[in-house]
Amino acid sequence: MLSDKMQEALNGQLVAELYSAYLYLSMAAYFDAADLPGFANWMRVQAQEEVTHGMKFYSYVYERNGRVVLGPIDGPPTDWDSPAAAFEHVLAHERKVTGLIGGLVKLAVEEKDQATGYFLQWFVEEQVEEEESAEAVLRKVVEAGAEPSALDGELGARVFKPPAASS
Ligand SMILES: [Fe+2]
Ligand SMILES: [Fe+2]
């Protein structure tokens, strides 16, 4: 059984993951409008991954006999000054999410909820990858400078891979 505090925090993270999807979908729209379909593809894949993260929280709360309660999702920004600015935002956002996951891990310890602590380890590892991949793409976008279209093919090759079925 989840404590009320833990349940509320997990539901909050479900919404945070869906906000991430919304943010990256907004970036996809920005890149589509800028005629960078490969960049837009990368963001669409990123958005799909974030939906699967949200669903992991949904499934986990349900599995623990908790109640999923969905709060409002904020509207994302719709414009960025440049492709590099968008990827700086991705990196800053992922660092923020890493902090949110860290807060949940701390709460799980305080609530003596080992199962939730274990569940969250997947997200601890995922955030290492998320920050690393955001840093790697940002570096390339900065290198490409005024010619972001040179990177468009590479970013267009990213394919969504659904995560393993277990939560
Ligand atoms: Fe996520
Ligand atoms: Fe993420």
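Predicted model: local features only at pLDDT ≥ 70, side-chain atom pairs only at ≥ 80, totals over all residues.
**The core around it**

Next I looked up the largest nonpolar core, which holds 34 residues. Met-43 is among the members that touch the most others, and so are Leu-10, Tyr-24, Met-27, Ala-28, Phe-31 and Phe-39. Which elements give two or more residues to this core? I noted helix 1, helix 2, helix 3 and helix 4. Helix 1 gives the largest share, with twelve residues.

**Helix 4**

Then I followed helix 4, which runs over residues 114-144 and has 31 residues. From first C-alpha to last, helix 4 reaches 46 Å, close to the 45 Å expected. I also saw a bend of about 25 degrees at Leu-120. Leu-120 is on my list of buried residues of helix 4, together with Thr-116, Phe-119, Phe-123, Glu-130, Ala-134, Val-137 and Val-141. What covers these buried residues includes helix 1 (4-33), helix 2 (37-63) and helix 3 (83-110).

**Glu-126**

My last stop was Glu-126, also in helix 4. Why does Glu-126 count as partly exposed? I found 18 C-beta neighbours inside 10 Å, and a residue needs 20 or more to be buried. I checked one distance too: the C-alpha atoms of Glu-126 and His-53 are separated by 9.7 Å, although the two residues are 73 apart along the chain.

Definitions and conventions
Residues numbered from 1 in each chain as written. Chains lettered and ligands numbered in written order. Helix = DSSP H or I, 4+ residues; strand = E, 2+ residues; numbered from the N terminus. Expected span 1.5 Å × (residues − 1). Bend = angle between axes of the 7 residues up to and from the residue. Buried ≥ 20, exposed ≤ 12 C-beta atoms within 10 Å, placed from the backbone. Contact = placed C-beta atoms within 7 Å. Core = buried A, V, L, I, M, F, W, Y, C linked by C-beta atoms within 7 Å.
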